[in-house]
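This briefing covers a few packing and pairing features of the structure shown below. Please read it with the model open.

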Amino acid sequence: MRRTQYLLPTQKDDPAGVEIASHRLMLKGGMIRQLAAGIYDILPLGLKSLRKVEAIVREEMNKAGALEVSLPYVQPAELWQETGRWDGNGKELLRFQDRHGRDFCLGPTHEEVITELVRANIKSYKELPINLYQIQLKFRDEIRPRFGLMRGREFVMKDAYSFDADEKGLDESYQAMKKAYQNIFARCGLTYKSVMADSGNIGGSASEEFMVLASSGEDAVVSTKAGDYAANIEKAQSEEFIAQLPSEKYTKLSKVATPGAKTIDDVCSQLSIDAKETVKTLIYKADEKYVALVLPGDRQINEIVLPGVLNAKKVVPATEKEVAEITSIPFGSLGAIDLQKHIPKISTVVFDTLVHPGRHYTMGANEKEFHFVGAKAGTDFEIKNVAHMHLVHAGDKQVGSDQALQIDRGIEVGHIFKLGTKYSVDMNAMFLDAQGKQKPFMMGCYGIGIGRTLAAAIEQNHDEYGMMLPPQIAPFEVAIVVVKYKDEKQQKVADELYENLQSKGFDVLLDDRDTSVGVKYKDADLIGVPICITVGPKGIEQGVLEVKIRWKQEKETIEPAQIESFIRSAFENGKRV
């Protein structure tokens, strides 16, 4: 492509109000332009890279045996009502009515639509397994769209859905998709981790996220250095190194005054103790019942796991007003000793796994501005119900191991789920098994964010000058910078080089603009072209080409006859993220 014929509105200055590198560079490099909050025009340069990501995804999905379809972007409410997600989903589901008053939504995902398609067309186990996928626009009305293509309202996603006759078949489909995802992200040149994850509102029995490691990542990834364990922060579990806990200042139960103490920090300051020596009691509502959750004072509750822990559909923190309705004890003075005697409406008390039997703790005395010190776990207060409810800290140990856990930042680019029969049962999607009995399909769901994958690659691959995308997803592989294109000799050499490289299969941008060579170099660096070749009077006179590999920022001269082998060698042996 010739630069004078290409829509590439690069910007000299950084765009205002942009927080992360990928968003800044995609705007500055002329890949995208914002039309509305979370909604972007994709310009030719950005679309080229997105199409390259899509091509890799499509090749690996086809190789894994999946079949491509295209499903409606607009979905009828009736399907979502069958699964209960029409009312269960919040305002992220953009609902509207057609001229006849019928309810529809813009598709944020396609579980209902694909299940309807399969239940209408597949009737026998002989037609299974089958895996259907699409690469298509989605819409989720995010409350706070940000970070460009990383968290937009409209986005392109590859979503696939497998249908099997039994658990064994689902396991095989799931593993085939996991392998395909590993191939996809490796081919995109990404450093990533596959981590255990919570299934969220998609549902199902198990799921894994594919996280691209980057300091700007929104998600926390917990793993061991050895790499034998990885989970997102909501799914991760840990134990403490007991030997690293502080010595106990108080080892005999007594009640002490703590005037004005409303927080763990207040108590620790007054009593000169470490937060690890305290436990806090939190009141939650599990469906319509009040429950008390007890965990160490230095830990945060992992609310994602609470529905499973409490066997409830909805678990939310009790408000201060609700707590006042069931007890006169203020928040900061609640404690585990005789709690249910003080607050009869508490249906159950659950202790975190890090409340260790035999250790002495400081806790609220269930009396305003008083605390117990030296309360021995398992003796002064009974521990009946125990569950892992805390968020992991870096330096914790892996459950059942002495390996320390580390926490990195990650960007979720893919997620795979074992849905089981969640949707097939709700939607009465059945097939006849070998015995002629009706059974619900066993389903899996597999998603990749195409724009997020590109944005994540930029987060991992950039410097002060611009993007440094891996060659396989860079919009152009080679840039030819002509010092002065109007010069007949330079034009002739540049045109011949351009035609030659294109004939060899390279994606080439010829910068034939009538502007300074400095501007051309800056643009080539900004948009991250892996190989930049300069055509100028000095090189023509000497019979050589000046070449720069983007990730090295070093120039070297080579003979024109060697240019193809040089580029291929650079791509084969060059930068790997």
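The model is predicted. Helices H2 and H6 come within 9 Å of each other, taken between their axes. Helix H12 is mostly covered, and strands S13, S19 and S18 form an open sheet.

**Helices H2 and H6**

- H2 spans residues 44–63 and H6 spans residues 167–187; their axes cross at roughly 150°.
- H2 is therefore roughly antiparallel to H6, since angles over 145 degrees count as such.
- The crossing of the two helices, H2 and H6, is right-handed.
- On the H2 side, the contact is made by Ile56, Val57, Glu59, Glu60 and Met61.
- On the H6 side, Met177, Ala180, Asn183, Ile184 and Arg187 make the contact.
- By class, the residues in this contact of H2 with H6 are 6 nonpolar, 1 polar and 3 charged.

**Helix H12**

- The buried residues of H12 include the charged Arg452 and Glu459.
- Also among the buried residues of H12 are Ile450, Leu454 and Ile458, together with Ala455, Ala456 and Ala457.

**The sheet of S13, S19 and S18**

- The open sheet has 3 strands in the order S13-S19-S18, and the pairing is antiparallel.
- S13 (254–257) and S18 (360–367) are the edge strands, each pairing on one side only.
- From one strand to the next, the twist averages 35°.
- S13 and S19 (residues 370–376) run antiparallel and are joined by 4 bridges.
- Ser254 stands opposite Val373 in S19.

Technical notes: Residues are numbered from 1 along each chain as its sequence is written. This is a predicted model: local features need pLDDT of at least 70, side-chain atom pairs count only at pLDDT 80 or more; totals for chains, interfaces and linings use all residues. Side-chain values use heavy atoms; hydrogens and water are left out. Axes are lines fitted to C-alpha atoms, for helices over the stretch in contact, and angles run from 0 to 180 degrees between N-to-C directions. Angles under 35 degrees count as roughly parallel, over 145 as roughly antiparallel, 65 to 115 as roughly perpendicular and the rest as oblique. A crossing is left-handed if the near helix is turned anticlockwise from the far one by less than a right angle, and right-handed if clockwise. Contact means heavy atoms within 4.5 Å. Buried means under 20% relative accessible area, exposed over 50%, partly exposed in between (1.4 Å probe, protein chains only). Two strands pair if DSSP finds at least two bridges between them.
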